[in-house]
Amino acid sequence: MSSTEIPVTRRLTRLMAENPLIPLILLLLALVLVLEIMQPGIVSPFWIGNTIKVAIPLAMLAACQTLTMLTGGIDLSAGTVATITAFVMATLAPLLGVPEAVVIGLACAVLAGAVNGFGIAICRVHPLIMSLGTGLIANGCLLVYQRYVIATGTIIPDTLVWLGTGRSFGIPNGLVVFIPFAALLIWGQKRTGFGRLLYAVGSNEPATRLSGVRSWQVYFALYTLSGLIAGLTGLILIGLVKTPSLSLALRLDLPSVAAAVVGGTSIFGGRGGYGGTIVGALILTVLTTMLTLLHMPEGARGILFGLIILAVTALYIRLTEKG
Amino acid sequence: MTRILSKNIWTLGLAALLAVLLVITKLIQPDFGVSGLDSLGRAALPFALASLGMAVVVIAGGIDLSLASMMAVTSVTAATLMDGASDGQSVLVVLFVLLLGAAMGTVNGTLVVVSRVPDIVVTLSMLFVWQGTALLILNAPGGAAAPWLRALSVGGVTLPFVPEALTVWLPKSVVFLFVCLAVVWLPIRRSKLGLMFYAVGSDALAAFRSGVPVGRTKIAAYAVTGLFAALGGIAVTMSTGIGEPIPGPYLLAAVAAVVLGGVVLGGGRGGLIGPVLAVFILRLVRMDLTLMSVDPNVTTIVEGSIMVVVVMFGGVVAMRGRRT
Amino acid sequence: MTQQEPSAPVLDAQGVSKRFSAVVALRDASLVLNRGEVVALMGANGAGKSTFVKILTGALTPDTGHVLIRGKDAHVTSPAEARRSGLVPVYQEPSLIPDLDVADNLRLGNTPVEAFRHWVNALGITALRMDDMIGRLPLATLRILDLARALAAEPDVLLLDEMTAALPTDLVARVLKVAREQADAGRSIIYISHRFAEIAALCDRATVLRDGATVGSVKIEPGIEERIVEMMLGADHPQTAVAAKSLKAASQGTPRLALRGLAAGSRLNDVSFDLRQGEVLGVVALEGQGQDELFDVLAGNRRALAGTVAIDGQPASFRHPADAIASGLTFVPGDRSHALLMSRSVRENIALPLVARLSNWGAIPLRDEATRVTAAIERLQIDTRAQGEVRRLSGGNQQKVTIARWIAKGVRTLLLFDPTRGIDIRTKRQIYALVRDLAAQGAAVLFYTSELSEIRLACDRAVVIFNGRVVDVIDAADADEPTLMRAAYGLTEKERTA
């Protein structure tokens with residue numbers, strides 16, 4: 001059998017496995033097309049700008065999931081950490097000034113990440129359980145903090161609002177932050193030693209050990225970095241939402257995992273990358289719009305996202321076993 | 001005798017710790033008594049049932065992250081169906097909900113075995129699926145619980161020929177818990193199925209070679225977990241009187257109680273009494289902090305930290321065990 | 001299958017083959033076992049013994065061929081079914097549940113307790129209690145319990161896989177005695193062992209596997225060892241060395257690597273030898289004689305229990321492979337899947353040690369990396385046409401990648417564990433040449449191989465390890481296969497240190 005006679009489905013799955021970006025972008029375009037058919041006229045430059053604007057915080061939070069998933073982990077505390085940074089920043093800004101508040105907010109995020117890193121790297125707790133626990137504690141801290149600080153009022157810096165909601169020439173300003181952010185990650189994941197090690201550790205941790213890698217260093221740095229990224233996400237998100245709340249980014253936890261998984265990053269580690277995640281975040285944003293148009297209740301959305309994660313993961317298992 | 005002692009040393013230690021904590025509680029709050037025990041029992045009930053469910057699946061070498069979501073589904077199902085139902089109907093509702101829990105657990109287990117995706121990923125996905133299902137059934141807390149069901153967990157038991165002054169010290173909620181434990185777990189533990197749970201969790205290959213159907217055993221373990229989750233969901237509805245579609249903090253609490261209770265993450269070791277004692281210890285710590293008028297949110301942090309430290313400790317122990 | 005003849009064999013396996021994707025594990029294996037007979041199943045490393053055992057016990061399904069037990073097609077799909085059909089295996093690894101006590105383990109497998117007790121006593125274990133936890137019992141006891149459990153099931157065919165490997169001598173004698181009694185009582189036994197003495201004492205026949213096929217079955221009689229060794233080796237083994245060994249290792253000066261009394265795990269007991277600069281030192285051992293532990297210790301992957309390791313005269317101990325690498329000891333494990341990042345590219349695999357250290361976490365010097373990787377690829381002639389993931393490469397090319405990694409990093413002392421297992425002859429030759437080449441440039445190479453002919457092709461000397469001890473040191477010139485095989489089976493035991 002020559003290569004041209006390979007069944008279409010198998011060729012498609014191989015394409016999907018080797019270069020997930022192409023089918024993903026096709027899927028995105030197809031979804032946009034369906035949306036346009038469902039409600040003619042909805043797709044406009046303004047709508048596209050809006051979609052990107054909403055997708056940016058999701059894509060940034062999904063960076064936490066992508067990087068941790070490359071090593072076979074996950075960071076379920078990311079949403080809470082983002083919320084904390086945003087809330088702490090907004091409440092401290094009137095007291096200390098904006099730059100100091102931003103630094104303290106991000107410091108909280110790094111601290112939470114380091115706690116995750118400690119549990120996962122040193123105590124070898126499963127990342128899922130550890131990050132869930134850290135999220136719970138962090139949320140408790142936030143509640144305590146809120147009781148003592150709420151009276152001072154909040155400030156949301158104009159810069160963040162400009163970044164979160166503003167547009168210049170119809171293009172969302174958030175891209176000013178997001179494009180360098182994404183470029184740095186996409187460059188870093190392939191072209192730095194640390195990035196390489198993420199893939200290596202996720203692909204075969206015992207093998208990296210034999211090559212002289214001390215994987216705990218990788219895990220610790222990774223989860224600390226993940227905390228920092230979650231904090232940055234919180235800052236962008238609060239510029240978009242404009243009201244500090246205690247559940248600001250919590251609703252993004254699940255979609256951020258789904259965005260990374262849909263974007264072709266294997267939840268078992270070693271495969272994928274941030275490029276796919278960005279498309280995945282756009283796909284999920286469009287999908288959400290579609291579900292809203294269909295008046296799909298929130299519960300159905302949760303079910304759908306859960307099934308997507310499971311189905312995509314099972315598919316990747318089949319793909320990797322075949323080869 | 002010494003063997004039985006050494007085998008159960010962990011459980012006995014937990015029991016001693018619980019006793020010490022009870023004494024401390026009495027010292028902090030001199031009028032801690034019947035009503036205190038009663039409220040402790042009621043607060044602990046859903047946590048204890050969740051921990052029982054988690055313990056079963058962990059013993060069999062798995063983990064079920066969708067536990068709290070399954071509790072939410074069963075809680076709202078029970079509350080919705082019981083709203084305006086007669087006593088007779090509500091008994092049927094309870095039976096239906098228990099079946100529903102076992103069915104959800106079976107779905108989880110089947111997906112784990114058939115898809116070959118690791119337990120932790122499958123049940124994470126199912127966490128979202130069941131959570132969504134709960135929201136579809138009931139969008140906001142609501143529904144009702146049958147009065148007889150509510151009465152099941154309030155106050156002390158009444159026993160014939162035993163003076164009430166004694167029976168008030170035994171909260172109905174605790175009795176309910178141990179009845180659940182005895183009815184669900186004892187027959188399993190005594191049968192070969194219980195052995196198979198331990199065997200699969202301890203060493204799946206050796207179990208396979210000893211003739212244990214590994215896949216089916218795993219599914220059965222998940223089904224039992226689902227059943228306990230259903231009991232937990234009913235307990236939530238029982239104590240609040242309504243259905244709660246947002247999953248409570250039961251997942252991590254259950255994992256922590258399981259680890260603290262002497263069940264090894266990874267499977268094969270531990271029992272169900274340990275986790276129950278652990279739940280009471282964790283609840284009592286929380287109660288003491290509240291009695292010392294610590295901010296309830298600080299209490300949450302302390303509680304969360306205890307859980308995380310316990311899980312981290314469990315991780316270190318498991319790692320050492322693997323090395324030797 | 002209408003009527004069972006009294007003379008029909010109890011077990012009759014014919015034409016069994018099995019392949020795993022590209023690797024043919026079994027080509028044409030057969031085994032006939034008569035009532036009351038004890039047959040030794042023999043074969044050198046990699047002859048397909050373990051695959052055959054898995055097929056006989058139902059853990060694997062054969063691609064072709066059949067296994068008949070008492071004339072019935074024993075189409076078994078699980079160990080449980082094999083058990084019901086009358087064949088009960090005792091595996092190398094005890095198949096008892098560590099977290100259950102003895103009684104529960106018996107209950108799990110429906111083992112009759114009284115019969116089990118009887119056999120435990122007969123086999124010489126006296127202090128056993130039914131509530132002992134399996135996980136707390138010593139390995140030797142577990143093997144006996146496993147055997148007692150198998151005997152209690154009253155099998156027609158008993159399969160003993162390296163039954164005596166972890167046993168003290170008194171228990172070995174008991175086991176052999178009980179096995180002989182069982183055979184005399186009409187049961188049949190398949191006996192797998194590396195120990196000729198036991199085979200001579202117990203077995204009636206030996207069936208020999210070579211390269212995945214049964215090459216013959218001989219009656220056990222005095223002096224048969226030589227014949228069996230020949231059968232295991234085959235007639236066509238090359239007698240002449242291909243690589244010219246002009247270079248005699250400089251035997252003076254401090255050795256690159258000096259081991260004294262090294263012990264680790266349960267199998268490596270006491271190993272001492274020197275490895276010198278410019279030398280390729282072969283290690284010869286049957287499976288499970290401690291060579292895995294030896295390499296693990298040297299690679300920093302396991303702690304030694306006793307003994308010392310000195311590098312260039314300096315004592316060394318490693319807590320992590322990174323320490324060993326820093327001392328110049330680089331390890332290529334026997335199983336490629338333990339070394340490779342299967343889902344990553346050739347380049348990332350080869351460059352892995354270059355980014356391992358914390359100080360290399362920043363931007364990768366791409367040009368330097370490309371130079372090193374390209375040089376390593378060229379030196380090993382890795383076929384990189386199949387770009388993309390390493391798992392798409394052939395076995396030989398994958399093996400080259402695991403070595404190329406250290407070429408790119410720079411080699412001082414290379415630890416190769418069976419680097420040519422399951423790869424084609426052309427790649428094997430390239431690896432021999434590379435090893436010689438590295439030694440000529442001043443590296444030291446420790447080379448474990450399961451293929452005895454390779455000692456003459458690639459090494460200067462060989463140490464032979466048996467039961468965790470060095471039993472012989474042989475110069476490559478004298479290392480013909482029968483000599484090595486006899487030494488590896490402990491037949492020419494003479495304690496020596498290199």
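Domain bounds, as used here, come from an automatic or database domain assignment. In this predicted model, that assignment divides chain C into domain 1, residues 11–233, and domain 2, residues 257–488. The C-alpha centres of domain 1 of chain C and domain 2 of chain C are 33 Å apart.

Chain C as a whole contains 16 helices and 20 strands. Its radius of gyration is 24 Å, close to the 23 Å that the globule rule gives for 498 residues, so chain C is as compact as a globular protein of that length. Along the principal axes, the C-alpha trace of chain C spans about 75 × 50 × 45 Å. Of the 498 residues in chain C, 49% count as buried. When contacts in chain C between residues at least 6 apart in sequence are considered, 70% of them join residues at least 24 apart.

Chain A has 14 helices and two strands. The radius of gyration of chain A is 20 Å, close to the 20 Å given by the globule rule for 323 residues, so chain A is as compact as a globular protein of that length. The C-alpha atoms of chain A fill a box of roughly 75 × 60 × 35 Å along the principal axes. Buried residues account for 53% of the 323 residues in chain A. Among contacts in chain A between residues at least 6 apart in sequence, 76% connect residues at least 24 apart.

Chain B touches both of these chains. Its contact with chain A involves 33 residues of chain B and 34 residues of chain A. On the chain B side of this contact, the elements that give two or more residues are α6 (119–137), α13 (250–260) and α15 (296–323) of chain B. By class, the side of chain B that touches chain A has 21 nonpolar, 10 polar and two charged residues.

The contact between chain B and chain C takes 16 residues from chain B and 15 residues from chain C. Here α10 (192–202) and α11 (204–209) of chain B each supply at least two residues of the side of chain B that touches chain C. The most comes from α10(B), which gives five residues to that side. What is the make-up by class of the side of chain B that touches chain C? The residues there divide into seven nonpolar, four polar and five charged.

Methods: Residues are numbered from 1 along each chain as its sequence is written. Chains are lettered from A and ligands numbered from 1 in the order in which they are written. This is a predicted model: local features need pLDDT of at least 70, side-chain atom pairs count only at pLDDT 80 or more; totals for chains, interfaces and linings use all residues. Two residues are in contact if their C-beta atoms, placed from the backbone, lie within 7 Å. Helices (H or I, at least four residues) and strands (E, at least two) are DSSP runs, numbered from the N terminus. Ala, Val, Leu, Ile, Met, Phe, Trp, Tyr, Cys and Pro count as nonpolar, Asp, Glu, Lys and Arg as charged, and the others, Gly among them, as polar. The radius of gyration is taken over C-alpha atoms; the globule rule is 2.2 Å times the number of residues to the power 0.38. A residue is buried if 20 or more other C-beta atoms lie within 10 Å of its own, exposed if 12 or fewer, and partly exposed in between; C-beta atoms are placed from the backbone.
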